[in-house]
Amino acid sequence: MRTTSRLCLAIGLSLCIATIASIVLFGHLGTVRTAFADGFFGPFLPLQVSTVPSNGDTTPYGLAFVPKGFPEGAAISKGTLLVSNFNSSSTPGQGTTIITVNPKTGQPGLFFPPAGAPTPPPIGFTNALTIARVGLVFAGSLPTSDGTFATAMPGPLDVFDGNGNLLKQLSSNELVDGPWGMALNDRGNTAQLFVANIFDTMGRFAGSITRLDVLMSSSGITVLDKITIADSYTSAADTAGTVVGPAGLAYDSFNDILYVAAEGDNAIYAVKGAGHFTSEHHGKGQVIFDDQTVLHGPLGLIFAPNGNLIIANADPAHFPPTTDPSEIIEITRSGTFVRKFSIDPNSGSAFAVLINNKGPVSQFVYVDDFVSNCTIWNLPFNAFGEGDDNSQH
């Protein structure tokens, strides 16, 4: 009886989300009809894929699609979805895996650690997960020594090749200390990495944003310049979420504006000129949205195809308890609330959200941290309208 009830609830929620997601994120009723018509010939309901690998890791934090132009012959290929895990089977902040998901079939696999590699020490992969088309994967880490918020440590930004081999770790020498979120301005053989830090170089709580200007190839990375472009964000230990601080980042390269989901401040900021600062420390940027009745510790942040911002509420204990379910929020870039929808009746489940709008099938993806899975809506080609490979512009 309980299983049947839960199945009915899941189907009901899926259909509700389908309607809302189609109308909200795809822009107009004609697109909804196209998407639903396609469902007549293909799967109607979304894929719901467990993100728990064979070692039992839980709590998916990061999402990233392998972009067009990624080198052929690697363990991952264009369109593959990567999902990083923060927790081990029993301990927060000690996850060690990044899994792969085929977004068309839901077939899972393992990207890191590679087959035959020894079991790595606790890593605690975070929301900071991006992929450069030259052939590199960037994954932030914030491990704990004993699984409690009191023992969170400033992990590095790991750089992997396309086969899951660790090439380099960017840490304090590069002003990277506990990367909680990041954005990539991919220019081919060069790039700008925007990294949201929980700690300072002394290991103290101090929320900041670092920009790294780098040279890249499929075999490595060279840091040309490093600079702190924003700081003074609230950063602290959290009993529910391990830490809070600056998290999801979305970079608009055309207007040179970096949008910051400041989890500890419960606000969304815009840092103007982020890609061209030559002097350090520019404060938090401009507040564009801080409605305390809507935001509950914003963590994930991306651009919607219509140019708006999509935010995942993390519901940390840092704020007064909320009876709201786990929600994804949409606002305009000028700070006008548009709408919200729930992905789980429990709080503390919406950690990451992602849109891929290239290839024969478009995808809208979010993780449900409460049950450690990701939900993938496969939609007709160009259902989102024009977009960008890494959803950062």
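**Salt bridges and backbone**

Guide: Start with Arg 333, which is partly exposed, with 24% relative accessible area. Keep in mind that this is a predicted model.

Visitor: Which side chain does Arg 333 meet in a salt bridge?
Guide: That of Asp 252, at 2.8 Å from N to O. Arg 333 sits in the loop between strands S22 and S23, and Asp 252 in strand S16, so the pair ties together parts 81 residues apart in sequence.

Visitor: Is Asp 252 buried or exposed?
Guide: Asp 252 counts as buried, because its relative accessibility is 4% and the cut-off is under 20%.

Visitor: How many salt bridges does the count come to?
Guide: Seven. Among them is Lys 284 with Asp 265, at 2.8 Å from N to O. Those two are 19 residues apart, each in a loop: Lys 284 between S18 and S19, Asp 265 between S17 and S18.

Visitor: What does Glu 327 form a salt bridge with?
Guide: Lys 340, with the closest N and O atoms 3.6 Å apart. Glu 327 is in strand S22 and Lys 340 in strand S23. Glu 327 is buried at 5%, while Lys 340 is partly exposed at 35%.

Visitor: Switching to the backbone. Which residues does the cis peptide bond join?
Guide: Phe 112 and Pro 113, with omega about 0 degrees. Pro 113 is in the loop between strands S5 and S6.

Visitor: And what is the phi of Thr 59?
Guide: About 65 degrees, a positive value although Thr 59 is not a glycine. Thr 59 is in strand S2 and is buried, at 8% relative accessible area.

Conventions:
Residues numbered from 1 in each chain as written. Predicted model: local features only at pLDDT ≥ 70, side-chain atom pairs only at ≥ 80, totals over all residues. Heavy atoms only, no water. Helix = DSSP H or I, 4+ residues; strand = E, 2+ residues; numbered from the N terminus. Buried < 20%, exposed > 50% of the residue type's maximum accessible area, 1.4 Å probe, protein only. Salt bridge = Lys/Arg side-chain N within 4 Å of Asp/Glu carboxyl O.
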